[in-house]
Amino acid sequence: MQPIVILGAGLAGLSAAHFLQHPWILVEKSERVGGLIKTEVLEGCLFDATGHWLHLRDPEIKELVNTRWMPDQLVSIQRKAGVFSRGVFTRFPYQVNTHGLPPEVVAENLVGYVEAIYGEKGRELREREPRDFAEFILRYMGEGFARNFMFPYNKKLWTVDPSEMSAAWVGRFVPRPTLKEVVDGALGVGSDALGYNASFLYPREGGIESLARAMLAHLRGGELRVGTEPTAIDWKARVVTLSDGRTLGYSQLISSISLPGLVRLLDKGGARVPDEVLAAAGRLRATTVTYVCVAARGKNRQPWHWIYLPEPEFHAYRIGSPSAVYAPLAPADTATFSVEYSHHGELSLERAEALAVEDLVRSRMVHSADDLLFTRAREIPHAYVIYDEAYGPAKAEILRFLEHAGILPAGRYGQWEYSSMEDAILAGRSCARRLNG
């Protein structure tokens with residue numbers, strides 16, 4: 001019997017291999033596993049590919065991580081996130097921590113919230129489901145929060161106006177505050193524990209890539225091939241052609257590579273893909289994220305693990321600080337940062353490095369450019385899937401075809417979604433269970 005082939009050794013692929021009860025071959029284009037959860041060491045400083053914090057909700061996955069994959073190797077960290085707006089820092093989430101902002105901004109946020117939730121002005125939105133992400137924001141937070149944070153920040157992150165996006169993705173990622181939480185936040189007694197990532201787990205050593213290495217160390221019943229990638233897939237003959245010239249026959253195929261990329265590979269394999277499926281793949285969009293790894297002399301000037309930057313004078317949408325999150329990620333008396341930019345390929349690495357210096361100084365995360373030891377820009381393709389009007393129908397069209405072709409997509413890229421690390425592990429498990437019967 002042919003093995004089950006898994007494309008991509010990120011968390012979803014590793015998880016699928018772990019849970020499968022049939023022989024498998026795991027194919028990874030880079031030289032080591034992990035996908036996006038790789039850790040790079042630059043002059044003694046450890047950088048993940050932006051912030052990767054582990055949240056565990058599923059009992060089985062929690063047990064696996066804590067007792068088998070990484071026993072006694074994780075530390076629990078309470079989030080210290082901030083927002084830099086109107087020249088001041090406030091705690092995150094913004095909507096329940098407005099104390100410290102100019103009084104007129106606080107008042108605008110409060111009045112807008114009350115009008116949205118209780119006033120005549122917000123009645124229309126309260127009587128129906130939001131048509132898009134902008135309406136979701138206005139419905140549950142009001143015009144003040146929308147204008148002062150939610151609209152400008154999310155336009156930076158997603159690169160499109162919130163009115164162009166569906167609200168289907170928000171789920172646990174965008175908390176909806178209560179009146180008491182909003183009022184408490186305006187008075188300075190608000191909580192920063194709101195949201196799914198108020199606390200998280202992180203490896204004691206080796207950065208987030210330690211999780212991928214631990215999962216790999218416990219794999220059994222299959223074969224890992226690194227440094228090679230698929231160049232074509234014949235979905236009728238069930239054969240994958242690899243970049244090293246070899247071919248792999250498969251009984252079943254699990255794919256954690258990008259959904260549009262998978263469709264293109266299927267169309268190159270000898271059995272054509274229907275035109276409507278190719279067209280659907282062309283309608284799926286995502287942002288590119290460039291993150292700049294920065295090290296600076298001295299300890300962190302600010303206490304924040306990461307900050308959000310909603311205002312247009314900052315090109316970055318977020319600045320993270322690995323050394324503030326977990327001190328062993330940087331040498332003593334060194335502060336490290338990851339400065340993040342979302343775009344569609346128009347931002348060069350050199351330009352991003354220059355902007356990172358400006359944004360770090362302007363946001364008061366460092367004293368001056370003279371304190372910086374290095375800036376190194378890195379790029380993540382299709383980092384954030386854009387949930388626009390085309391997203392739902394296009395993805396559904398592709399998934400119907402993949403079901404017909406006997407291919408299971410898994411993970412953030414494979415399922416073309418905005419999701420967490422645990423979600424990727426769960427997706428791999430789900431595929432394995434389906435194939436295990």
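Predicted model: local features only at pLDDT ≥ 70, side-chain atom pairs only at ≥ 80, totals over all residues.
Reader: Where does S251 lie, and what is it in contact with?

Author: S251 lies in the loop between strand 12 (247-249) and strand 13 (252-255). Helices (H or I, at least four residues) and strands (E, at least two) are DSSP runs, numbered from the N terminus. Leaving aside neighbours within four places in sequence, S251 is in contact (heavy atoms within 4.5 Å) with M1, Q2, P3, I4 and R238.

Reader: What makes the F89 and W304 rings a tilted pair?

Author: Rings of Phe, Tyr and Trp (its six-membered ring) pair if their centres lie within 6.5 Å; planes under 30 degrees apart are stacked, over 60 edge-to-face, and the rest tilted. The structure holds 27 such aromatic pairs. In the case of F89 and W304, the centres are 5.9 Å apart and the planes stand at 35°, so this pair is tilted. F89 lies in strand 7 (residues 88-91) and W304 in the loop between strand 14 (286-297) and strand 15 (306-308), so the pair ties together parts that are 215 residues apart in sequence. W304 has 13% relative accessibility, so it counts as buried.

Reader: Why is the pair of W158 and Y384 called edge-to-face?

Author: The angle between the planes of W158 and Y384 is 70°, and the centres are 5.6 Å apart. W158 lies in helix 6 and Y384 in strand 18 (residues 372-385), so the pair ties together parts that are 226 residues apart in sequence. Both W158 and Y384 are buried.

Reader: How do you know that the charged end of R176 sits over the ring of Y140?

Author: A charge sits over a ring if NZ of Lys or CZ of Arg is within 6 Å of the ring centre and within 35 degrees of the ring normal. For R176, the distance to the centre of the Y140 ring is 4.4 Å. The charged end of R376 likewise sits over the ring of F374, 4.8 Å from its centre.

Reader: How do helix 5 and helix 6 pack?

Author: Helix 5 (residues 133-140) and helix 6 (residues 142-158) pack at an angle of about 145°, with their axes 8 Å apart. Axes are lines fitted to C-alpha atoms, for helices over the stretch in contact, and angles run from 0 to 180 degrees between N-to-C directions. From helix 5, the contact is made by F133, A134, I137, L138 and Y140, and from helix 6 by G142, E143, A146, M150, F151 and N154.

Reader: What makes helix 1 largely enclosed?

Author: Nine of the nine residues of helix 1 (residues 11-19) are buried, so the rest of the structure largely encloses this helix. Among them are L11, H18 and F19.

Reader: Why is E104 called exposed?

Author: The relative accessible area of E104 is 54%, so it passes the limit for exposed. E104 is found in helix 3 (residues 103-118).

Reader: What stands out in the backbone at E43 and D72?

Author: Most residues other than glycine have a negative phi, and most peptide bonds are trans. Phi of E43 is near 50°, a positive value, and phi of D72 is near 55°, also positive. E43 is found in the loop between strand 3 (39-42) and strand 4 (45-48), and D72 in the loop between helix 2 (59-69) and strand 5 (74-78). E43 counts as exposed at 54% relative accessibility, as does D72 at 70%.

Reader: Which bond joins F92 and P93?

Author: A cis peptide bond, with omega about 5°. P93 is found in the loop between strand 7 and helix 3.

Technical notes: Residues numbered from 1 in each chain as written. Heavy atoms only, no water. Buried < 20%, exposed > 50% of the residue type's maximum accessible area, 1.4 Å probe, protein only.
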